[in-house]
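Hi,

Here is the structure I promised to pass on.

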Amino acid sequence: MAPGSNTLPLWDLNPVYKGFDDDNYKNSKKKLIALIEEVQIIIDDGKKRKSDPKTWLEEFINKYNEVGDLYENLGSYAYTRYSTDTRDATALKELGFLEEKAVPLETALVNFRNNLADLKDDKRDRRVMETLISGSETLKKVEFFLREQLLLQEKQMTPAEENLAADLSRSGGDAWGRMHSTISSTASILWDEQTGERKTVTQLRNLAHDADRSVREKAFKKELEAWKQVEIPLSYALNGVKGFSVTLNKRRHYENSLHRSIIQSRISKKTLESLIQVMDGSLPLFHRYLKAKAKALGLNKLAFYDLFAPVGASTKTWNFDDAEDFIVKLFTGFTPELGDFARNAFTNRWIDARPRDGKVGGAYCISFPLTGESRILCNFGGSFSDVTTVAHELGHGYHHHVLKEDIHIHRDYPMTLAETASIFAESIVFDGAISQTEEKEQMNIIEAFLQDTTQVIVDILSRFKFEEKVFENRRKGELSPEEFSGLMIEAQKATYGDTLDPELLHPYMWAVKGHYYSQNLAFYNFPYAFGLLFGLGLYALYRKEGPSFAKQYRNILKMTGRESAITITGGAGFDIEKPDFWQAGIDMIGERVDEFENLVAKFKER
């Protein structure tokens, strides 16, 4: 299959639902409404809550898991339809319907937390929670969930206020996010005046991997022009999202939006501080790599549009069939289960790889719990980075596969641990690529790895610094497009240092990254660095222990929704509150920087 051609695969959603008019889909919507009503009835049953709290808790947990599965299944379907065609009015309508129906469910959860807190603080018996949990197998399994709900109860408004916030989010924070998705997926600009060809910003960003610098430069400038045309509505969207978050987090008594993100990530403030400290300290290492890349490309200094430029003797363009064979073979080498999973995903058309107008940029993996399946969206362009992106998303899919028999509560894991399986899958592909290529081609593979890790450490750190400043300034008032762009340039200079031409940075990365536009998930950036370094740590264990590690790895994935990130990583032998843990992952990257510098020097001498 030729990259970018119409032969790249589209996913098949029929095994989930055959359409919005499908009887199965319609019946699922009706069942969802009924289940939400049943959850509300349980919550409102004060008589049973007082006379038989154990049964009341068990009934809620069982019904909450059932409704959670159905809501996720419906939501995933509506979003997959929308994200491949953001002009699809029906898909947008269905997303709105589901969000509306979820408001009572969120209110029920708020009331559940309050009732749970009342049980915990029972004046007659301070040990009532411990007694209830120890006397029920159902409650023992979800003890962490119950403890977490008590923590969240301390950070919520009154039920009436939370109900209003959930209702307003549909036309507030969430609506701004959808506005960004629609604009960013359809924004385009004239590429060729003679033919009249236009390219979307997603297609232009894919050209950042082109071997021809003049093409990269043209695509970069055209992309900035395209973003300039839509900067005003996007600035309103970002102001809306961040303003919404600032207001709610203040009323919920969080210190700030970062504090909420730390709790959502199931880590400690000390963990984040250690991670950011090591990321900051690692910048000189990545600067070495970027300077070596400039040397390899024959440049005095890189421009932003050179960050993804291919280097080395090989500028191989991958077709999708070759990527499939390569990934399946390497995954099977780790464990047959992982290989079989990947083969099934390719064979049964779980992957939508074709870039096209109206499709969102980037990549994601989404799960359908009722069918035990996943779907993967990517925009395959034929670079090795595109191959590792497919592997990355398949890693997420395998994580879903491992948890598919679990209850809904145990499939709800934090972003920090969500990247574990994906980074591990990438590492398998990277190591396999290195071992199967000659030295003259290894530079390209190592550089692809360093490209990705630079994005996850250096660029993610710039995004973290940018978002800190945005929240700081948004508390004082709305920001203009120029102010957003100015903050982005400052953040890029702070992390990329003198390795990039200061006149050729990317001021509109705040428009590019959809993560900024999720009002419920601020700081959707540092978890990627967490995932990278934890995933590298696990991969180092695999290289040390060999095939026997596969069982331990699977068990770690099984635990991701059952405990805090600190407890789970501690079970793997890591103390994530100490900088030493994070530095170990950076040191692994450092080995590749050394190799890359040596290869550049060697081939430059020839």
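This is a predicted model: local features need pLDDT of at least 70, side-chain atom pairs count only at pLDDT 80 or more; totals for chains, interfaces and linings use all residues.

Residues are numbered from 1 along each chain as its sequence is written, and side-chain values use heavy atoms, with hydrogens and water left out.

Salt bridges first. I call it a salt bridge when a side-chain nitrogen of Lys or Arg is within 4 Å of a carboxyl oxygen of Asp or Glu. By that rule there are 41 salt bridges. One of them pairs Glu-66 with Lys-31, at 3.9 Å from N to O. Glu-66 sits in helix H3 (residues 53-83) and Lys-31 in helix H1, so this pair ties together parts 35 residues apart in sequence. (Helices here are DSSP runs of H or I with at least four residues, numbered from the N terminus.) Glu-66 has 32% relative accessibility and counts as partly exposed, and Lys-31, at 43%, is partly exposed too. For reference, buried means under 20% relative accessible area, exposed means over 50%, and partly exposed is in between, using a 1.4 Å probe and protein chains only.

Arg-216 and Asp-306 form another salt bridge, with their closest N and O atoms 2.8 Å apart. This one links distant parts of the chain: Arg-216 is in helix H11 (residues 213-229), and Asp-306 is in the loop between helix H15 (283-296) and helix H16 (320-334), 90 residues apart. Arg-216 and Asp-306 are both buried. Glu-373 and Arg-375 also meet in a salt bridge, at 3.1 Å from N to O, and both of these residues are buried. There is a network as well: salt bridges with shared partners join Lys-31, Glu-38, Lys-63 and Glu-66.

Which charged residue is buried yet has no salt bridge? That's Arg-260, whose nearest side chain of opposite charge, Glu-162, is 7.4 Å away. (Lys and Arg count as positive, Asp and Glu as negative; His and the chain ends are not counted.) Arg-260 lies in helix H13 (residues 257-264). Leaving out residues up to four places away in sequence, Arg-260 touches Asn-249, Arg-252, Tyr-254, Gln-519 and Asn-520, where contact means heavy atoms within 4.5 Å.

Now the helix pair. Helix H20 (residues 420-435) and helix H21 (residues 439-474) pack at about 160°, with their axes 9 Å apart. The axes are lines fitted to C-alpha atoms over the stretch in contact, and angles run from 0 to 180 degrees between N-to-C directions. H20 and H21 are therefore roughly antiparallel, the word for angles over 145 degrees. On the H20 side the contact is made by Glu-426, Phe-430, Ala-433 and Ile-434, and on the H21 side by Gln-442, Ile-445, Ile-446, Phe-449 and Asp-452.

Ser-28, in helix H1 (residues 23-44), is buried at 9% relative accessibility. Setting aside neighbours within four places in sequence, Ser-28 is in contact with Tyr-17, Leu-70 and Leu-74. Pro-233 is in helix H12 (residues 231-251) and is partly exposed, with a relative accessible area of 26%. Beyond its neighbours within four places in sequence, Pro-233 contacts Met-179 and Ile-183.

Cheers

Methods: Helices (H or I, at least four residues) and strands (E, at least two) are DSSP runs, numbered from the N terminus. Angles under 35 degrees count as roughly parallel, over 145 as roughly antiparallel, 65 to 115 as roughly perpendicular and the rest as oblique.
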